[in-house]
Amino acid sequence: MDIGELLSFKPEQTPKRPSDFDEDDDEDSSDPRPVARAEPPPKVRRDGAASNVRAANPQVAQKEPQISEQERLDILKYVESEEAEGEVLDEASLKKILLLFEKRVLKNQEMRIKFPENPEKFMESEIELNDVLQELHSVATVPDLYPLLVELNGVSSLLELLSHQNTDISVAVVDLIQELTDVDILHESLDGAETLIEALRNQQAAGLLVQNLERLDETVKEEADGVHNTLAIFENLMEIKSEIAKEIAEQGLMQWILKRLRMKMPFDANKLYCSEILSILLQDTNENRILLGNLDGIDVLLQQLAAYKRHDPSSTEEQEFMENLFNSLCSALMASENRDKFLKGEGLQLMNLMLREKKLSRNGSLKVLDHAMSGPDGRDNCNKFVDILGLRTIFPLFMKTPKRNKKRLLSTDEHEEHVVSIVASMLRNCKGGQRQRMLTKFTENNFEKVERLMELHFKYLDKVEIVDREIDQQVNAGEIDEDEDAIYVKRLSGGLFTLQLIDYIILEVSSTDVVKQRILQILNLRNASMKTIRHVMREYAGNLGDAGDSDWREQEQAYIIQLVDRF
């Protein structure tokens with residue numbers, strides 16, 4: 001029902017009944033005012049009420065309106081403009097609220113100093129302070145006023161209240177800052193967002209928020225909500241400015257999260273949120289990965305994950321928690337300093353056990369092994385994995401990709417990519433007896449692993465050819481630019497990366513003559529050529545990334561070209 005119909009509606013004359021607001025006033029006068037933020041009154045469903053009356057009095061609803069069309073339009077215009085004007089907070093209103101806020105902060109401090117042992121004396125000033133904090137929530141509706149909020153020292157005054165003796169006040173401040181830093185609101189005003197975030201950084205807000213976290217008791221619901229909102233502030237800030245992640249971690253958040261993960265508490269929303277924030281902190285910041293290792297974070301992650309080696313998570317939220325820990329561990333292992341800590345913490349043994357147990361944790365453990373063993377920094381982990389009989393675990397997964405079900409969340413392509421990457425890393429990094437054990441695996445059971453390897457080669461070669469045809473069509477039609485880097489990345493994600501790993505394994509195992517003869521037989525049976533494999537590997541050598549230093553890159557390129565020439 002629109003406003004026009006409401007304006008035209010005239011109900012029958014009925015005796016006036018007491019107003020809801022009158023009743024509320026009576027109730028308010030008898031009840032003490034709460035410290036906590038008051039719930040907003042329920043919204044009146046005008047359209048529902050009007051439609052009910054219309055249904056009861058159809059003859060009334062059909063009466064013609066008694067005002068002209070022009071008058072109705074004037075009234076509508078007036079109502080809309082009045083509603084808009086009533087909702088907007090301007091500079092004068094903000095200054096007035098901030099002045100009131102400063103007065104109430106000062107009054108509360110005075111009352112607490114004057115009557116330190118008599119809470120009844122300062123409780124009223126605390127309630128008034130809480131009330132004005134709720135009023136400040138209106139600032140979040142006008143982010144263009146954030147520069148004025150900063151200029152009038154509103155941010156510094158709020159941050160000082162984080163150390164208030166009453167945690168209800170500090171939690172109210174956290175709730176307010178969380179709303180002020182809401183990502184959707186910050187995107188409405190880039191200048192306002194920049195000014196607010198810089199003010200928070202200059203005032204060391206992250207450190208103050210972490211200090212407040214240390215004293216909150218999560219067995220109290222309001223304080224547990226305060227913890228959740230504090231973590232939301234950190235997430236908001238990192239989403240707007242990712243470079244803040246380093247200073248946030250260094251100001252104590254990383255240490256607090258690791259401590260919170262170790263706590264013997266039932267799984268809850270805050271523990272899940274901690275795992276999410278940890279994953280974000282480690283995602284793109286190498287300094288944070290090193291900090292995690294220095295704080296014994298690798299051991300903490302392994303201890304938390306050990307709970308899932310024989311038991312699946314009991315809920316979807318706990319499953320998400322487990323996946324966040326695996327992602328955090330993968331990110332941490334991208335720092336070479338953490339590879340040794342993972343090895344000494346018996347991370348390889350735990351991941352190997354998870355693969356054998358066939359629980360949900362198998363998916364994450366496969367990704368972790370891939371990260372732990374890749375590149376030149378994975379040499380020790382590769383050799384150790386062979387020593388702990390890891391080949392008995394990884395090769396059954398190489399021979400047969402498990403069917404996708406609730407126990408296997410990785411897609412077939414993702415699963416095969418990780419397994420092939422692990423095998424390729426071991427062939428590159430293993431030396432002596434460990435390397436010989438790897439090569440022997442490809443001669444067992446009438447070369448079954450060689451046949452599986454060639455099956456994967458043809459599967460991913462077909463995928464890449466399909467992607468290449470699609471790219472050619474799009475370039476010819478002018479749908480995409482002829483940017484070589486972008487096209488190469490698209491080909492990599494379309495299956496070229498896995499094909500490169502497979503063909504690298506082919507070159508490595510061809511050092512055994514009997515294996516090479518079997519590979520040539522299979523190529524001849526499929527009317528295929530060695531030229532294809534050589535071409536793929538030369539392209540791979542020419543596009544090696546910056547995973548290591550320039551010396552490593554040159555050595556790796558020379559090694560691959562040597563394998564190609566020998567093949």
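Author: Happy to! Let's start with Lys459, which is partly exposed at 29% relative accessible area (buried means under 20%, exposed over 50%, partly exposed in between, using a 1.4 Å probe and protein chains only). Its side chain meets that of Glu416 in a salt bridge, 2.8 Å from N to O (a side-chain nitrogen of Lys or Arg within 4 Å of a carboxyl oxygen of Asp or Glu). This pair links distant parts of the chain, 43 residues apart: Lys459 sits in helix 27 (residues 444-476) and Glu416 in helix 25 (residues 412-429). Helices here are DSSP runs of H or I with at least four residues, numbered from the N terminus. Glu416 is buried, at 6% relative accessibility.

This is a predicted model, where local features need pLDDT of at least 70 and side-chain atom pairs count only at pLDDT 80 or more, while totals for chains, interfaces and linings use all residues. Residues are numbered from 1 along each chain as its sequence is written, and side-chain values use heavy atoms, leaving out hydrogens and water.

Within helix 27, Arg452 and Glu455 lie three residues apart, about one turn of the helix. Their closest N and O atoms are 3.0 Å apart, forming another salt bridge. Arg452 is buried at 9%, whereas Glu455 is partly exposed at 49%. Both belong to a network of salt bridges that also links Asp413, Glu416, Lys459 and Lys463.

Finally, Asp468 pairs with Arg491 in a salt bridge at 2.7 Å. Asp468 lies in helix 27 and Arg491 in helix 28 (residues 484-509), so this pair ties together parts 23 residues apart in sequence.

Technical notes. Helix = DSSP H or I, 4+ residues; strand = E, 2+ residues; numbered from the N terminus.
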